[in-house]
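Reader: I have a structure to look at and some questions about it. Please show it first.

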Amino acid sequence: MTESNNHHELVFWRKYIFSQDHKMIGLQYGITALSFMLFGFSLMLVMRWQLAYPETPVPLIGWLLGDDGILLPEVYNSLGAMHGTIMVFLGIVPLAVGAAGNYIVPLQIGAPDMAFPKLNMASYWAYFIGGVIMIVSFFVPGGAANSGWTSYPPLSVIATTGQTLWLFGMIALITSSLLGAINFIVTIVQLRAPGLTWMRLPFFVWTQLITAFLLLLAFPPLEAAGVLQLMDRLAATSFFMPSGLVVSGQILEASGGGSPILWQHLFWFLAHPEVYVLILPAMGIVAEVIANNTRKPLWGLKPMIYSTIFLGFMSFTVWAHHMYMTGMGTTISAFFQTTTMIISIPSVVILSALFISLWGGSIRFNTPMLFALGFLPMFGIGGLTGLPLGLAAADIHLHDTYYVIGHFHYVVAPGTIFALFAGIYYWFPKVTGRRMNETLGKIHFWGSIIAINGIFFPMFIQGLAGVSRRMWDGGAGYAHAQDVLWGNEVMSIAAGMLMLFQIPFVINIIRSIKHGEKVDDNPWQATTLEWTTPSPPPHGNFAALPTVYRGPYEYSVPGRDKDFWPQSDPEEGA
Amino acid sequence: MNTASGASGHARTYLLVFGTLAMLTIVTVAAGYVSFPAGLGIAIALVIATVKGSLVAAYFMHLLHEQKAIYWLLLFTLLLLLIMFGLFIGSALDQGGIPSVS
Amino acid sequence: MEMIPYTVEAREDTGMNNAKLGIWLFLASEVMLFGGLFSAYVFLRLGAPAWPEGGSILSVPIATFNTLILIGSSVTMVFSWTALKENDFGKYRLYLGVTILLALLFLAVKSFEYSEKFSHHLYPSSSTFMAIYFTLTGLHALHILGGIIVNGYFWGPGSKMWTSDPERFTNRIEIAGLYWHFVDLVWIFLFPVLYLL
């Protein structure tokens, strides 16, 4: 096509700060998102200290919390709300979509860059601004938002200033996601290399495409809801405020007539598809890593793709299964229970296909593969424990208990985050030209998977016993919680261990950038297009735009010398 | 892309659409002053709005001559919109309206 | 950034250039934004014990006038695009200029309407109906403002591209037009919903 190496050097701030190259933007996303995840995790450690050792001074950072170093209930609420917000909107989504998607998708489809480089840059900076607003909100009077990551009114409407900043921050983050989603869809539809037909697209690209559609069409209603809540807070409207609300024994001055349930509808219209935004890219990464390390084509690639499309659509029709306890009528409840049971089918299809793909493979147990293998049962536990929550009768007992926390953390923590680790280990050689250290990687994996189960498994036990997820004292004040209180200390120690086992990971990344083992352009002997270009890829990605001749996972094709057949390899005498 | 020779013909189409839109605006306002039964009045106003909206989309946004991919995108979006409307209305009604405290 | 393909010419199998697909995706998300607000309106209205008829509080004649202005601005917008396709830059500027002026007129009428309400002590906090009215029309007005900024850029500094890359510039006006017609389309629904029902 065109000469892709344009050699005029860019000045520092154009190259590293306000870059328009999808690879640099992907790295910016990655570094920012990993920092936020570390921060969000730290907030949780402070909370876990309080849960295990109620009303004892928090070590190390106690001086931040006041004279006696004890975590106060209102600060506990802030930390809880911000842990959720930061992990979901500033951590995992930017890492899965902004970083992995941005860096890898154009490479995997053989494109020189994203379709709209300036939009891509704007998308990162909108995300950055959203993050800054969220951080700043910790320092306003009353602290950061403290009405949960779901910001349910009426509590959120009468909450302190932090909530207003939360709303502004969310609007910046939504803007970022919308710009990103448009860019991803146009890039995948328009910039595919010649010969790269839909069924030849790597599964990772498919998951990113469906994810982008979810972001594009599910986020706007939350933006609408955010605007309405801002009006409630700033212009004294009553969209979400019912008439005659009593706060601290006094009737609240408000025009009334609004509905708190309206917020829940608008919020979950986004936030259920958001669950699939969190999980789909993770499935995509795991599929890439498994195909590569079993040296086999994925089993059932087409059903996986169709399941992903179906999953994307169905995710718009299940949201009110978060709302069984709002006094919903039986007809609507039956509808949402049915759709919820249906949506579990495509997830099971994908997960089963990934499991069956392992069958008969000569598996390479390197670090990315270990994390991908860890993902499978962890996501399985997360998914299956969700079924009782999708049925109204069981949900009455389990709603708002630690069971719910256990369920969705199994999906996103040892599920999505493990998949993201797999992706980092897998694509690190493409980004830097060096491989990460295997020993440190294995310590990271085994330590993490043991510790993380120590955190989340006891939550099921506590939740089944009926312990509420919102207790500052971890349930110590309740008779029914006494038998399961032992879980609090176990979980907190496991959380501390999990933090310790991230140290080898951080060291590994920093060390490997300069001192990792040097590798060639295709160290994993992979088939997809990103491995046909130098590591790191130059500006413009490919010296000449590639042409694609076959599907994405042509491993161990009978009658060939090598056990992998790159997508862009011209047919040789076949 | 269309050639310049067809432009004057297009201009007439656009003006015709404008005339129709203006007329429908007057009709819908006039209908507002007639006291229809509540449901019928709402239906009339929404049908007219839909017709006007379709005219804008079909001619000004030249959807009549657009690619299939755009049609699919818009159909999908409208389907989601209908789902959202339907389920919002369904849950509002199934709840017996929103309990109001007096 | 010349190296990115299909910025001007259409890709063969999709029949579109990048910007065309991009703007329609953006508009799809806008449909969901206003759709969410309309759903909220329906939800609140169904739950309300009583709901005022829009015309009894708001001025229908003013809004009718504004509707006609906005429809008119859509026509001039589309004419400015066809002018470019006829290679008539002067006519393009004239029509786009009129479009911008009509948009400004719309905002002026709107702000007169707002101040009228304020002077009668009707604020967003007065009732759920007023809250919906101010929020929906306010958000729509922001979209108008956005359109004015975009069109103003293409009328002024952005029009330099006409000499360097006329085909791409024509495409840009088409894209800006699609956005502008969408803003018109939203108002076509806002008008009966708020003023007539």
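Reader: Which pattern does chain C follow, read along the sequence?
Author: This is a predicted model, in which local features need pLDDT of at least 70, side-chain atom pairs count only at pLDDT 80 or more, and totals for chains, interfaces and linings use all residues. Residues are numbered from 1 along each chain as its sequence is written, while chains are lettered from A and ligands numbered from 1 in the order in which they are written. Helices (H or I, at least four residues) and strands (E, at least two) are DSSP runs, numbered from the N terminus. Chain C has 7 helices and 0 strands, and its pattern along the sequence is α-α-α-α-α-α-α.

Reader: What percentage of the residues of chain C count as buried?
Author: A residue is buried if 20 or more other C-beta atoms, placed from the backbone, lie within 10 Å of its own. Chain C has 197 residues, and the part that counts as buried is 49%.

Reader: Which element gives the largest share of the side of chain C that touches chain A?
Author: Two residues are in contact if their C-beta atoms, placed from the backbone, lie within 7 Å. Chain C puts 32 residues into this contact and chain A puts in 38 residues. On the side of chain C, two or more residues come from each of α1 (18–47) and α5 (128–155). The largest share, 15 residues, is that of α1(C).

Reader: And which element gives the largest share of the side of chain C that touches chain B?
Author: Here the contact takes 38 residues from chain C and 40 residues from chain B. The elements of chain C that give two or more residues are α1, α3 (60–85) and α7 (166–196). With 12 residues, the largest share comes from α3(C).

Reader: How many residues of that side are nonpolar, polar and charged?
Author: Ala, Val, Leu, Ile, Met, Phe, Trp, Tyr, Cys and Pro count as nonpolar, Asp, Glu, Lys and Arg as charged, and the others, Gly among them, as polar. The side of chain C that touches chain B divides into 23 nonpolar, 12 polar and 3 charged residues.

Reader: How are α14(A) and α16(A) oriented to each other?
Author: Axes are lines fitted to C-alpha atoms, for helices over the stretch in contact, and angles run from 0 to 180 degrees between N-to-C directions. The axes of α14 (residues 438–464) and α16 (residues 503–515) of chain A come within 8 Å and cross at roughly 155 degrees. Angles over 145 degrees count as roughly antiparallel. Therefore α14(A) and α16(A) are roughly antiparallel.

Definitions and conventions
Buried ≥ 20, exposed ≤ 12 C-beta atoms within 10 Å, placed from the backbone. Parallel < 35°, antiparallel > 145°, perpendicular 65-115°, else oblique.
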